[in-house]
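Hi,

Here is the structure I promised to pass on. Have a look at it first, then read my notes below.

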Amino acid sequence: MPKSKRDRPVTLSKTKKKGRVQKENVVNSIRDAVEKYDSVYVFGFENMRNLKFKEFKERLKSSSRFFLGSNKVMQIALGRSVADEIRPGLHKISKLLRGDSGLCFTSLPKEDIQRLFEEYEDYDFARTGSIAMETVELKEGPLDQFTHEMEPFLRKQGMPVCLNKGVVELVSDFTVCEEGKPLSPESSRILRLMGIKMATFKLHLICRWSSEDFEVYKEGLEDSDVESS
């Protein structure tokens, strides 16, 4: 009886013992998931929020398992070529593990997974370095949304403010951020104080593998991206 590719030893060189053990555990967990679940998806994400992602995973924990981390380690687990893939066609999945991406193993029908990923969207405050989705400007005059205790903090963020009879007042027009430009630390803090959420945490499917077929979802990915070995 031929030896299963699933049982091949994994070489993860140039790592300390603890790190190597952790990576080998991930590899083994992914290989177990290949056997347990009906299909595997590569998914991408924008503006990752760990707490929100944890909540999303909780909704699917009875039918699915997710992996995020080193793309290289996940590729090793699945196999990066026809020669070392653990199941036929899985090297195509590996080739699409790029950048901000992860794996979703599931036994749910593909229509359900597609709907859940397409519908999921959550808003949060943008972090420093994020691109502003709109221009936010404040006009000279009273800023009723801020209490007088906040005036020193606002000045530290570069806002031209003063206290006028206990009311925070902007002494000249002020641009918090400009559409299309990265947010500074100060802009990010001010937007948070104003309750303006510019970051959208989104998930999108890139491709799907099962023992019967392989599909690419994300537009712009050519067949040559996955068919070369």
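**Salt bridges and a helix**

Let's start with Glu58 and Lys61, whose side chains meet in a salt bridge at 3.2 Å, N to O (a salt bridge is a side-chain nitrogen of Lys or Arg within 4 Å of a carboxyl oxygen of Asp or Glu). Glu58 is partly exposed at 44% relative accessibility, while Lys61 is exposed at 58% (buried means under 20% relative accessible area, exposed over 50%, partly exposed in between, with a 1.4 Å probe and protein chains only).

Before going on: this is a predicted model, where local features need pLDDT of at least 70 and side-chain atom pairs count only at pLDDT 80 or more, while totals for chains, interfaces and linings use all residues. Residues are numbered from 1 along each chain as its sequence is written, and side-chain values use heavy atoms, leaving out hydrogens and water.

The structure holds 10 salt bridges. Another one joins Lys52 and Asp122 (3.8 Å, N to O). That pair links distant parts of the chain, with Lys52 in helix H2 and Asp122 in strand E4 (residues 121-124), 70 residues apart (helices, H or I with at least four residues, and strands, E with at least two, are DSSP runs numbered from the N terminus).

Now for H2 itself, residues 50-60: its buried residues are Phe53, Phe56 and Leu60. They line one face of the helix, because they fall within an arc of 60° seen down its axis (the arc is that of the directions from the helix axis to the C-beta atoms). The face turned away from that buried side carries exposed Leu51 and Lys54.

Cheers
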